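The sequence and structure come next.

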Amino acid sequence: MTPEDKAEPTNGDGVEVPNALPALPLRRHVVYPQMIFPLEAAPGPEAALIDAALAGRGMIALIATKNPDAEPVKPEHLYARGTATKIFRMIKLPDGSRRVLCQGISRIEILEYSQTEPFLIVRVRAIEEPEEKDDDEEFEGYQQGLLRIFDKIVDESPQLPDEVKVHAVNVERAGSLADLIAANLNLELVERQEILELIDPLARVRRVTELASRELERLKIGSRIEEEAHEEMTKAQREYYLRQQLRAIQKELGEGEGLEVETDELRERIEAANMPEAAQAAAMREVDRLSRMPSASAEYTTARTYVDWLLDMPWSVSSEDSIDIVEAQRILDEDHYDLDKLKDRIVEHLAVRKLKDDMRGPILCFYGPPGTGKTSLGQSIARAMGRKFVRISLGGVRDEAEIRGHRRTYVGALPGRILQGIKNCGANNPIFMLDEIDKLGADFRGDPSAALLEVLDPEQNHAFSDHYIDVPFDLSRVIFICTANVLEPIPPALHDRMETLALPGYTDAEKIQIARRFLIPRQLEGHGLKHKHLRISKAALKRIIDGYTREAGLRNLEREIGTICRKVAKEVALGNDKPTSVTGKSVEDYLGPTRFFSETALRKGQRGVVCGLAYTPAGGDILFVEATRMPGDRRLQITGQLGDVMKESAEAALSYVRSNAEHLGIEAGFFEHSDIHIHVPAGGIPKDGPSAGVSMATALVSLLTSTPARSDTGMTGEITLRGQVLPIGGVKQKVLAAYRAGIKRVILPARNERDLEDIPQELIEGLEFVFVQNLDEVIDAALEAPPRQRQRPAAKSA
């Protein structure tokens, strides 16, 4: 038999009650028709019963047990009459239980127990109540008398709200009124069941009137005793008395014992959690509130969740640092090639920690192009120190609450992502990586970068306050590591709190070493290959780097190696187990035609075309500047999606050339009847910055003197109207870009000579550096044949 058979109408409201219903035994409770009743179904058979009912018509039979302590409950333990109820709300809880709100529909008689496992299913007969006569004076007299008594009970009882009186007055049928009042009286279980089994409305009203009169007398006596004893009760006695009353009420409702056990358990956990004093006080205060709340209340869940968060936070749980300098250096060298400056900084920190255990954690910021190993370096630091590693991405975060958390007044409030990460890792001193910090946003919900000021300030973060937790949490032992592609978008106040370390990119030789040590073994393992299946020569790696990738990092290189591995894996899967060797000549067989060529050769011998060097979030890059002249009316046209700073550099370059035309060997009135157009190709990419000034000035001089610029030379530097060349940033990234593009000579501002210390020796040996102080020196070094001969100091070469 299914949980619900065909239905038949059973009461005056026309509600249909099925012939068969899933039956749920009730301990110490009786449910009447029209009564709304909350209940909890334990995981297992009870939860399955609720699910089965909801899969049908959403109705169950609620039947009181004769002996509330009987275990397990069998059919002989249940009364012969119960109530058919309709489930109209159900919530699934994480522990597998169900929280249900249902409403009584009709009295029912149990005819047969058709199923006992895994839950009860009963055949029932709905009991129709006799029709009440509207003009029956006896009915009306009993009904009015019962209402008067109940009105006095509500006035005397502190537990019954005044709204119950309003509800009772608006009940039209005497039988329903008796059910409503019986549900709100403090009755024994047998008396409640007696009311349920009284079908005749008049008999039910008489019996409820007797019970209500008894309840009223009891309340009056209790009130009189309470008033007489009130003056003698101390605060402790009063609290004890109230708790005893509350315990008795909860016991009657069937929820007291479980709630008391739960709150006692929470208090024990709080005392054992070794919390700070403020956190412990907040947790105890919330548990006291829980003990006075019904478990079905929505606020109960909110308060319980808050207490769980306080208990789960690692207030005093720390990872033990591994202060072995030699082992830490070995781990860093094993995980990363080169990056000596960054490794030295980490080892220095460990050395200081070995001498001073209570040192506050540093705030480091690794910045550089994508794919240079910023995130993986953070993981290696955690491994070297024996700490747990937490990473959150800040890219696109615009809400301050993501950092500080939501206030508990909001539905679904949670702590911010900082404390969520701390809680999830289970230690209060992890390596905490804030990825993509340069991509933080801000809108009407607040500025996350401003919220990070407290997180990343060693003078403040020992008492970080999250809006949800609302008690200070010590972040001073956390080592925060931020990552960024560029530093410019980071607000100055936030930048000031961080120690910045650059990862500008890798040379070809470094990429080859990294590919052989890390990338190729990782891709072989990821594609199910062994070293005997595939060997990629050094010449092949050089060909891939030069012809198929143009990047500062390593992601595209690893992607191309993965492409080769996939093609070899296909051959192995087809049964060809012969070793495959990829050479420089055979790379095209796996990766197709070469994708990148040296553009410098294509620009050879062209007037008005100069190769500049730029710094982008993806690393260094070369930037061609083109200038042309045409008849016109003294207009300067600048194209290529250039920013305001770059446009101003172009105007400054033109002003310098016009004011020094005779000195440069240019016709004095060249601009009188001409237009000048300066264009920077790759117009789909936004460009800005002052370092293109020397390139634009040199392109104009090359155009107006009909002298081509050297195709093997790249340059960078900011200019003034007086022709001075000012220093710029991103030297290493720009030099790496020149090296990748096949440029042989690099013109740099003289004051950037000190930056060569950061450039690998192989680049210094493979390039010629020309250091200049003014545009005269730039023009002499950049053009194939300087347009004029004059006495001035020669540019310094390196």
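## Charges, dimensions and strand pairing

The chain carries 103 positive and 127 negative charges, and their mean positions lie 8 Å apart. Lys and Arg count as positive, Asp and Glu as negative; His and the chain ends are left out. Each charge is placed at NZ of Lys, CZ of Arg, CG of Asp or CD of Glu.

This is a predicted model: local features need pLDDT of at least 70, side-chain atom pairs count only at pLDDT 80 or more, and totals for chains, interfaces and linings use all residues. Numbering starts from 1 along each chain as its sequence is written, and side-chain values use heavy atoms, without hydrogens and water.

The C-alpha atoms fill a box of roughly 130 × 75 × 65 Å along the principal axes.

The chain has 28 helices and 27 strands. These are DSSP runs, numbered from the N terminus: helices (H or I, at least four residues) and strands (E, at least two).

Strand β7 (residues 98-115) pairs with β4, β6 and β8. Pairing requires at least two DSSP bridges between two strands.

| Partner of β7 | Sense | Bridges |
|---|---|---|
| β4 (residues 36-41) | antiparallel | 6 bridges |
| β6 (residues 81-92) | antiparallel | 11 bridges |
| β8 (residues 120-126) | antiparallel | 6 bridges |

L101 of β7 is the bridge partner of P38 and of R89. E112 bridges to R123 in β8. The β6–β7 hairpin has 5 residues between its strands, and G96 takes a positive phi near 95 degrees. The β7–β8 hairpin has 4 residues between its strands.
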